[in-house]
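Hi everyone, thanks for coming.

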Amino acid sequence: MKILVALKRVADPDNANKVKIPASGEKIDTTGLEWKPNPFDEYALEAALRLTENGTQPKVRAGEVVVVTFGPKETETTLRAALATGADRAIRVDASDDKLDGDLVARALKALVEKEKPDVVLMGKQAVDGDSNQVGQILAELLDWPMATFAATIREEAGALLVGREVDGGVSTLRVKLPAVVTVDLRIVAPTSVYSTKTPSTHKYNDGVRFAALPAIMAAKKKPLVEVKLADLAPDQALKVSYHGFAAPPARKAGIKVKDVSELVSKLKNEAKVL
Amino acid sequence: MSDVVFDLENPTEDHRMLRQMVRNFVRDVVEPQAEEHDRTGTLNVPLLKQAGELGLLGLTVPEKDGGAGMDAVSAVIVHHELSKSDPGFCLAYLAHAMLFVNNFYYASNEAQRERWLSKVISGEWIGAMGMTEPSSGTDVLGMRTVARREGEGFVLKGHKALITNAVDADVFIVYAKVDGDVTTFVVERSAPGFSVGKKTEKMGMRASTLSEFMLDDVFVPAENVLGTVGGGVRNMMRNLEIERLTLAAMSLGIADRCLDIMVRYAAERTSFGKSIAEHGQIQRYIGESFAKTEAARALVYSVARDVGPAKRNRIGTDAAKLFAAPVGKEVADNAMQVLGGWGYCSEYKVERFLRDAKLLEIGGGTLESHQKNLTKELLRKVKQD
């Protein structure tokens with residue numbers, strides 16, 4: 001099986017307070033931010049690795065995992081880390097972060113998919129910076145491929161994937177014929193979430209994503225990483241999303257103390273207007 | 001000016017990726033288990049084996065022999081990051097990966113590597129190193145353990161003490177004198193006449209174990225001699241450099257973590273109607289802790305660039321440990337003072353770091369031994385001029 005995994009780097013969510021917005025409000029100032037792979041995309045990579053191996057022999061890849069990201073040269077760090085974790089090769093689509101939106105990324109991915117011809121495109125259900133939750137869905141529509149979003153479990157079958165999605169009140173199971181687009185949720189990295197046809201059903205993975213072992217980190221330097229121009233994939237680079245301004249959320253106001261229940265009820269009714 | 005910023009802690013992309021890998025390992029796996037092993041005074045053996053799966057146990061062994069082929073800066077990175085969460089476990093890692101594996105590799109021949117190397121790089125076997133004796137520590141050449149020639153080998157007799165990992169180790173590097181000259185031997189735990197004592201209880205570094213071992217006429221074949229007969233001091237001195245350097249990196253890790261804890265606490269805690277960070281006394285703890293930690297970082301990482309199997313840097317490594325060890329202890333103590341009563345309680349972790357930090361002023365060379373070595377080296381340079 002050949003899997004294309006789309007990875008995005010995001011500003012480290014643990015340091016979200018470092019995000020600054022200049023007084024003009026025209027953009028987000030990204031200087032000094034630390035970058036990390038979008039956690040949901042890391043889970044997608046882990047799922048891709050599980051789907052292309054026998055879980056009892058994770059060093060042998062049965063199939064191919066190709067990772068792709070969009071961004072400037074520095075984003076190759078994200079790709080190298082993915083190669084060290086187990087991906088076979090990487091593609092960087094050269095682009096400037098502020099000249100992308102979900103629609104353009106999906107259109108470029110479509111062109112890449114037509115070239116690479118993967119059996120599955122995997123990605124996180126959303127990126128934790130913009131939380132747009134669009135690319136997977138738009139891509140499936142453009143390709144006219146079956147789609148399963150928010151996957152919590154994936155089981156490989158002959159020519160298809162059986163995808164479990166956690167929905168309100170239970171689990172919805174979809175059988176998607178290949179080729180397909182699947183976006184993953186966080187439980188996809190639980191010990192029994194993903195099984196290829198080669199992995200025995202008794203096998204349990206470690207919880208979470210795998211660590212890149214040192215020899216793999218060294219070997220990653222020799223794995224192919226190519227740069228592709230965005231214009232070659234998407235000649236029309238017009239954006240559908242335009243930003244009119246940025247503002248920090250208003251600071252929280254201090255609370256007040258009330259004398260008794262009746263004052264509380266009165267304030268909830270007349271001031272907060274929630275009753 | 002170029003846009004490329006010189007990164008002292010990560011001189012190359014390999015170093016940066018190594019650090020990121022160790023950080024992930026520490027965050028997800030090491031940190032959650034640290035407190036329990038400190039409390040029970042036990043080595044987490046599966047965790048050491050997991051470090052083996054990640055390739056960390058053969059860190060400084062060349063790739064052609066199954067290691068990661070990394071340098072002293074990399075060794076500093078691993079010890080620095082591990083010690084931000086669990087200095088006790090890091091000490092056990094150091095005893096295995098530096099005192100045994102690194103020491104063994106650079107003194108061994110092909111046949112010896114064939115026999116032991118893959119076992120200790122994978123973590124299948126745990127290693128330890130026996131230099132110190134009950135009555136000789138800093139005065140290492142005063143050791144009394146002897147090896148007398150007999151048949152195709154040597155018979156070892158003696159007593160080693162304060163040996164990290166001895167409780168759990170399968171294989172030991174043992175220093176003993178042959179006709180008065182220090183020689184390095186590999187001794188397996190199963191050797192007849194070899195016995196390990198009870199666990200030695202201690203103040204800190206409790207996630208690593210300490211014990212003594214006795215050599216009661218242990219026969220060791222000649223092929224277990226590392227390097228040459230009488231060449232033990234050379235092995236010992238070469239390995240002491242990376243040992244001191246990585247111990248200094250551990251103090252830096254402790255200082256970084258304790259500084260982080262004290263600053264976060266000071267940002268939240270109020271007293272006398274204002275943030276404690278507005279009190280000059282607290283500012284002194286924070287400001288001085290930061291400045292000293294940064295100085296230790298600069299020294300440790302710059303010395304690390306000059307340490308390797310083919311380079312000698314005794315003066316640098318002595319200076320790094322002499323400076324960094326008290327910084328680790330002082331910053332941990334400052335953190336406890338900033339946290340007050342809460343700092344003395346286990347929940348905020350600084351009491352554990354303070355107990356751990358003290359060892360680094362003693363183990364792998366006391367502060368006094370570094371002072372002695374540095375003076376000796378500096379005087380020698382003057383006399384050479």
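Let me start with a question: with which residue does Arg115(B) form a salt bridge? The partner is Glu188(B), and the closest N and O atoms are 3.9 Å apart. By salt bridge I mean a side-chain nitrogen of Lys or Arg within 4 Å of a carboxyl oxygen of Asp or Glu.

A word on the ground rules. This is a predicted model, where local features need pLDDT of at least 70 and side-chain atom pairs count only at pLDDT 80 or more, while totals for chains, interfaces and linings use all residues. Residues are numbered from 1 along each chain as its sequence is written, chains are lettered from A and ligands numbered from 1 in the order in which they are written, and side-chain values use heavy atoms, with hydrogens and water left out.

Now the domains. Chain B is assigned domain 1 (13-125), domain 2 (128-231) and domain 3 (233-384); such bounds come from an automatic or database domain assignment. Between domain 1 and domain 2 of chain B, the count is 1 salt bridge.

What about contact, meaning heavy atoms within 4.5 Å? Here 29 residues of domain 1 of chain B meet 23 residues of domain 2 of chain B. The two bury about 2200 Å² between them, with carbon and sulfur atoms giving 60%; that is accessible area (1.4 Å probe) lost on being put together, summed over both parts. Phe100(B), Trp116(B) and Trp125(B) supply 24% of the area that domain 1 of chain B buries against domain 2 of chain B, more than any other three residues.

Key:
Contact = heavy atoms within 4.5 Å.
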